[in-house]
Amino acid sequence: MSAILEREPEIMPLTAAAIAPEAQARPVIELEHIHKTYVMGEVEVHALRGVSLTINEGEFVAIMGTSGSGKSTTMNIIGCLDRPTRGTYILDGQDVSRMSKDERADIRLQKIGFVFQGFNLLSRTSAFENVELPMLYSGVEAAERDRRGREALASVGLEGREQNHPNQLSGGQQQRVAVARALVNNPALILADEPTGNLDSRTSIEVMEIFQRLNRERGITLVLVTHETDIAEYAKRVVVFKDGKIRKDYRVNNQRNAAEELKNLPPVQDDDDDDDMAEIVQE
Ligand code: ADP
Ligand code: MG
């Protein structure tokens, strides 16, 4: 008998925690009995009808469900863009459910990175300036902005693209700029609403590869909405909404590995070539 077992007389039950180490970690998101009712004139829309969900540090969760099931409403509440009508939301240990708009804006800046389906980049500014923006808002000094901005762009494979404007980048590259922007303030959490909705299948896998790497190597907690089953399989856990409630919540058995899949895809024409030609012609 080892000393460890002697000190630990009870046999560890095979709990969810034993299967998934992150289940023992600190909760980042705690939604408790969340209701959201939109009032439109005489009509009340019950978008969420009692949602309770805990997501721990280091998890990678895909949210699925049919249109109108409450996915975006939930993401807006998780992202502190909106408040629940009833219920409690604890983000990273802080009760944010009753915070004012300004307080929520501060929390968002410090703790959350957002990635959207339509990239939401400023079109007249460079990749670097787009990534710099959240740091400007949070008062990071210039030298540090420069360092972190370059590092974030490099971490999504866009080294050397700092000065390109969005229209000089492919859709996949634009989404990678958006991921870099989501990363620069070192968030506790990245939220992505249909991040691959506007991308072809190969580019979608490239974006999922970045998410998986951020989750695996940097332990970043990720929550993404998707209606595509094959995209959800890159996550570790799937939560399915229906009619404003959680209907299913399960671990992904055979998590797909985007990096491995990319290795096995046939090589493509490098879409950078065209951009480089355009630059040469402009010079
Ligand atoms: P999903 O993202 O799963 O498609 P949503 O969370 O956007 O679903 O919407 C859930 C329900 O709430 C739907 O019936 C939708 O019409 C309604 N809804 C969402 N946002 C608003 C709003 N701002 N005002 C009124 N009703 C809304
Ligand atoms: Mg939606």
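Guide: The crossing of α5 and α7 is right-handed, that is, the near helix is turned clockwise from the far one by less than a right angle, anticlockwise being left-handed. The model is predicted, so local features need pLDDT of at least 70 and side-chain atom pairs count only at pLDDT 80 or more, while totals for chains, interfaces and linings use all residues. Residues are numbered from 1 along each chain as its sequence is written, and chains are lettered from A and ligands numbered from 1 in the order in which they are written.

Helix α5 covers residues 127–137, and helix α7 covers residues 171–183 (helices are DSSP runs of H or I with at least four residues, strands runs of E with at least two, numbered from the N terminus). The two pack at an angle of about 30°, with their axes 7 Å apart (axes are lines fitted to C-alpha atoms, for helices over the stretch in contact, and angles run from 0 to 180 degrees between N-to-C directions). That angle makes α5 roughly parallel to α7 (under 35 degrees is roughly parallel, over 145 roughly antiparallel, 65 to 115 roughly perpendicular and the rest oblique). On the α5 side, Ala-127, Asn-130, Val-131, Leu-133 and Pro-134 meet Val-177, Ala-180 and Arg-181 of α7 (contact: C-beta atoms, placed from the backbone, within 7 Å). The residues of this contact divide into six nonpolar, one polar and one charged (Ala, Val, Leu, Ile, Met, Phe, Trp, Tyr, Cys and Pro are nonpolar, Asp, Glu, Lys and Arg charged, and the others, Gly among them, polar).

Helix α5 also packs against α6 (residues 142–155), here at an angle of about 120° and with the axes 9 Å apart. This makes α5 oblique to α6, and α5 passes α6 in a right-handed crossing. From α5 the contact draws on Ala-127, Phe-128, Val-131, Glu-132 and Met-135, and from α6 on Arg-145, Arg-148, Gly-149, Ala-152 and Leu-153. Six of these residues are nonpolar, one is polar and three are charged.

The sheets come next. One open sheet has four strands in the order β2-β1-β4-β5, with antiparallel pairing (strands pair if DSSP finds at least two bridges between them). Its edges are β2 and β5 (94–95), each with a single partner strand, so one side of each is left without a neighbour in the sheet. Between β1 and β2, which run antiparallel, there are 11 bridges, and Ile-29 has Ile-55 of β2 as its bridge partner. These two strands form a hairpin with two residues between them, and Gly-41 in the turn has a positive phi of about 65°. Strand β1 is also joined, antiparallel, to β4 (residues 86–91) by five bridges, where Glu-32 is the bridge partner of Thr-88 in β4.

Strands β1 (27–40) and β2 (43–56), together with α3 (71–78), each supply at least two residues of the shell around ligand 1, and α3 gives the most, with three. The shell includes Tyr-38, Met-40, Val-45, Ala-47 and Lys-71 (near: C-beta atom, placed from the backbone, within 6 Å). Its residues divide into four nonpolar, seven polar and one charged.

A further open sheet has six strands in the order β6-β7-β8-β3-β9-β10, with mixed pairing. Here β6 (112–116) and β10 (245–251) stand at the edges with a single partner strand each, so one side of each is left without a neighbour in the sheet. The twist averages 15° from one strand to the next. Strand β9 (residues 237–242) pairs with β10 in the antiparallel sense over six bridges, and the bridge partner of Val-240 in β10 is Lys-248.

Technical notes
Two residues are in contact if their C-beta atoms, placed from the backbone, lie within 7 Å.
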